[in-house]
Every structure is written in C-alpha cells, then in structure tokens.
Amino acid sequence: MQLDLFVHSRPVVLRNDLVQALWERRPVMGRKAHAKLAGECPQDALLAPASRLLDALETTPGPFAAHLDAQRAAAHAESVLAG
C-alpha cells in the first residue's frame, strides 16, 4: 500500500513529536504532544504505551541517597511500565 503524503503526514508528525519528547525525557512536552495526537487520532496505537512511559517519566526521582532507594525506584518504574 502506498501512502499519500498529504493525507498521512499529519498523524506521522504528531507521533514523531510524541516520540521525540519521550526520547528526550521531557514529560511536559510529551503530555502536550500526547494531547494533540489523542485529539486528532484518538484510536492511535501509540497513545496507551506512551501514556505509561510519560507516567514513569513524571514519577522518576532525582539523585538517590542510597542504593536501596535506587532499587525501589527501579521496581516502581518496572511496575508502572509493565502495567
């Protein structure tokens, strides 16, 4: 199947914006991109997994005081992402 660039380009741009925000670990930018994609393409398969990744990014703590704190954060992130 050949894609028509003018018909299919907007969803691709919106997905790319969301992926770029995730790649750069920028949850605020990611939420905005997610909202745009959800508004224009509510059935997009990227929405649910991207939302879980954004949740994990938003709850990631800063530097850890102890090794046990890092282990707990990793376990929490794993549970959120495995959701």
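Arg25 is exposed, with a relative accessible area of 64%. Exposed means over 50% relative accessible area, buried under 20%, and partly exposed in between (1.4 Å probe, protein chains only). The model is predicted: local features need pLDDT of at least 70, side-chain atom pairs count only at pLDDT 80 or more, and totals for chains, interfaces and linings use all residues. Residues are numbered from 1 along each chain as its sequence is written, and side-chain values use heavy atoms, without hydrogens or water.

**View 1. The loop at Arg25.** Arg25 sits in the loop between helix 1 and helix 2. Its phi is near 55 degrees. That is a positive value in a residue other than glycine.

**View 2. The whole chain.** Helices (H or I, at least four residues) and strands (E, at least two) are DSSP runs, numbered from the N terminus. From that end, the order is α-α-α-α. Buried residues make up 19% of the 83 residues.

**View 3. The largest nonpolar core.** This core has 9 residues: Leu14, Leu18, Leu22, Ala33, Leu37, Cys41, Leu47, Ala50 and Leu54. Helix 1 (5-23), helix 2 (27-40) and helix 3 (47-58) each give two or more residues to it. A nonpolar core is a set of buried Ala, Val, Leu, Ile, Met, Phe, Trp, Tyr and Cys residues joined through side-chain atoms within 4.5 Å.

**View 4. Around Leu37.** Leaving aside neighbours within four places in sequence, Leu37 is in contact (heavy atoms within 4.5 Å) with residues including Pro11, Arg15, Pro42 and Asp44. Leu14, Leu18, Leu46 and Leu47 also contact Leu37.
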